[in-house]
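Morning, everyone. Let me put the model up and walk through a few spots.

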Amino acid sequence: MLAVQLAALLGGDSGNAGEGAEEALALLDGFDDALVHGLARLADERADAVTALAAAFAATPLGDRLAEAADAVVSGSITQEHLTALAGGRVALSGAVHDCLLERLDTALGRERAKWPPAPDGPGMAGAAAQPAGHVLGGVRSWLRELAITGWRGVDHDLVSAADQVIEALLAAPDLRRLAVLLDGFAAELRASCPIGSAEHLPVRRWADLWTRALLLSQDGVLTGEPRPAATVSGRLLVLGVDVHEHGTAVQFQVHAVLEPADGGGSRLVRTSVTVAKVDTIVGTALWKLPQRHKVLLAALADRRSVEITDMPLLDSGDLVWDDDRAFVSKPADPLATARLCLPGALAPAVPPLDRVSVRIAEPVLVEGYKVTKDGSFDLDGTVFAVDAERLPDCGPLTPKLVAASSACVGLVRWDGGRWTLQPLAVQVRVKREAVVVATGDWALGPTDPKAAKAEARAADAVTVLRERAGRLLRR
Amino acid sequence: MTDRSPNGATVWARHSRLRVVPPVQPRKLAKVPFVELADGRLQGVVSSGSDIGRVYVSSIAAGTHDYNCSTNNNRPCGGLYGSPCKHLRALVAEAVVQYGADRVSRYLRVEVPEGADLADCLGGVHEPAPAAVVFSRFLRHLAYLEVPDTTLPIPELHWFPATGTVG
């Protein structure tokens with residue numbers, strides 16, 4: 001990423017999301033505030049905010065349904081259908097903000113992005129597959145309705161616990177895993193925040209995001225209709241880095257890479273992920289023990305090697321569906337060299353319509369030739385790029401200190417809270433006068449640093465202990 | 001709730017990618033495999049020192065600090081002689097390692113003078129409470145380890161960034 005590209009992204013005014021985005025975000029904020037106090041208690045101002053969200057769609061095909069839903073909710077009749085319509089409005093607005101942001105980023109980077117292919121058949125197909133899940137999804141929707149009526153301020157232990165059974169049922173259905181993971185993380189936050197009535201600060205936008213997302217995914221056919229059949233690809237996979245997502249009971253290792261197809265086609269940016277269920281006491285370097293059966297992927301990360309893949313499924317979203325049996329570890333490949341040589345010209349994947357949310361924006365870039373400012377940001381010829389040093393996973397060796405001492409960085413460009421940031425994945429840094437590369441995935445096969453290895457040994461083996469307990473107690 | 005926002009309420013309110021529940025600290029799980037702050041109690045499961053197949057369910061209520069300890073079959077713990085047994089003390093000690101003394105004392109609403117042991121500052125009396133709820137939450141906790149992994153993407157996890165390293 002060059003200084004001029006960064007300047008184009010930040011537009012001279014850091015935080016500027018783009019034309020119309022500020023207005024859209026203001027509408028979201030109004031609606032989100034209504035959820036804080038609950039739709040059952042809409043004071044004038046908050047009722048106006050709900051109406052304003054609906055009014056933004058007046059000229060669209062959604063207009064009538066949204067207006068009707070807003071009227072009904074304001075007058076106290078809060079049905080599933082009305083909530084779904086309002087959530088749909090919020091999804092559409094935040095989707096528009098996402099599009100605006102991503103286009104700005106692609107333009108600044110000069111990055112070409114694939115177009116989303118039109119759906120091969122109508123929504124009717126998904127309905128049939130959705131039937132068995134219908135009962136569970138109904139349970140999710142009614143819990144979400146209770147939440148919306150009560151508002152975050154009114155949430156208590158009983159309301160949170162009411163989600164337990166639903167989440168358990170979701171976890172048992174592989175098709176509904178995304179919703180299970182989302183709802184489990186959301187409910188845990190509400191539980192940890194109880195009693196919320198007196199809490200000083202609430203993550204207002206975040207919880208509205210999670211609520212809306214859950215309501216969207218709990219509609220019949222949304223999850224069971226996915227993923228759409230994928231193509232299979234073969235070729236060389238060059239790793240850029242691994243982004244780690246985690247809450248109490250799940251961790252996702254999402255690898256960003258450049259795929260050089262064996263058929264000679266142009267190279268493309270891809271992601272490949274492994275998500276594992278866990279418990280809150282499994283943290284830090286112990287996390288890497290969970291995806292152990294994906295040995296090739298872990299070895300590629302830890303040893304910094306490229307991977308040869310054969311006939312691996314690739315979704316339209318640019319996600320490779322990892323299969324260790326279709327991959328083998330190949331030659332050494334440095335993530336910074338990969339970013340320098342292969343990132344320019346790689347085709348970025350299309351974003352699935354339902355995944356158009358700004359938190360999902362995570363575009364790999366190479367940044368170099370910067371000066372590190374006092375607060376740890378990168379100064380590129382006078383344009384300052386904020387570095388998100390809080391998002392360095394504790395399962396890897398990359399620390400804010402190393403990032404601050406670095407001379408080149410592969411990271412993900414993200415947008416949150418009104419500004420663009422860089423989330424580092426790998427850096428080049430001088431340690432004891434030697435130039436080394438440090439990356440988030442370096443400890444995928446176990447910590448290589450003696451201090452971290454000792455800490456891991458001291459914490460004993462959480463996974464083994466819990467498996468022993470489970471073996472003894474679970475099937476009684 | 002822990003306020004980890006850098007610039008106060010506005011930042012906290014307008015961000016989507018936050019770690020609202022702070023990650024817990026790693027600890028040895030052999031003696032006390034399960035600890036949680038939930039349902040208005042510090043509660044958990046303590047492995048029996050003498051019988052490998054037996055566990056005790058221990059809990060302390062927030063506010064009143066009334067406590068209970070029994071086997072998972074609801075047989076009262078023999079160590080409760082008008083004061084918390086060793087299982088309850090182990091539960092408190094491990095909770096402090098896992099969540100930090102601040103978070104535990106805030107949740108239980110207990111004043112801990114400088115240098116004092118949290119377990120010594122709890123009032124409360126023995127008040128029988130059903131062990132079944134806690135035990136089933138523990139079994140549910142263990143069941144997570146049996147949920148198969150998936151290589152399909154979960155875009156929703158972008159809302160849950162891993163955080164952590166300090167230094």
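Start with a helix pair: α2(A) and α5(A) are roughly antiparallel, because their angle falls in the class over 145 degrees. This is a predicted model, where local features need pLDDT of at least 70, side-chain atom pairs count only at pLDDT 80 or more, and totals for chains, interfaces and linings use all residues. Residues are numbered from 1 along each chain as written, chains are lettered from A and ligands numbered from 1 in written order, and side-chain values use heavy atoms, without hydrogens and water.

Back to the pair. Helix α2 of chain A covers residues 21-37, and helix α5 of chain A covers 80-109. Helices here are DSSP runs, H or I, of at least four residues. The two axes come within 10 Å and cross at roughly 150 degrees. Axes are lines fitted to C-alpha atoms over the stretch in contact, with angles from 0 to 180 degrees between N-to-C directions.

Who meets whom? On α2(A), the list includes L25(A), L28(A) and F31(A); on α5(A), it includes L86(A), L93(A) and V97(A). Contact means heavy atoms within 4.5 Å.

Next, R140(B), in helix α4 of chain B, residues 131-143. Buried or exposed? R140(B) counts as buried, at 16% relative accessibility; the cut-off is under 20% relative accessible area, with a 1.4 Å probe and protein chains only. Leaving out residues up to four places away in sequence, R140(B) touches D164(A), I167(A), E168(A) and D184(A).

Last, domains. Chain A is assigned domain 1 (18-217), domain 2 (231-342) and domain 3 (355-439). Those bounds come from an automatic or database assignment. The C-alpha centres of domains 1 and 2 of chain A lie 31 Å apart. Between them, 7 residues of domain 1 contact 9 of domain 2.

Definitions and conventions:
Helix = DSSP H or I, 4+ residues; strand = E, 2+ residues; numbered from the N terminus. Parallel < 35°, antiparallel > 145°, perpendicular 65-115°, else oblique. Buried < 20%, exposed > 50% of the residue type's maximum accessible area, 1.4 Å probe, protein only.
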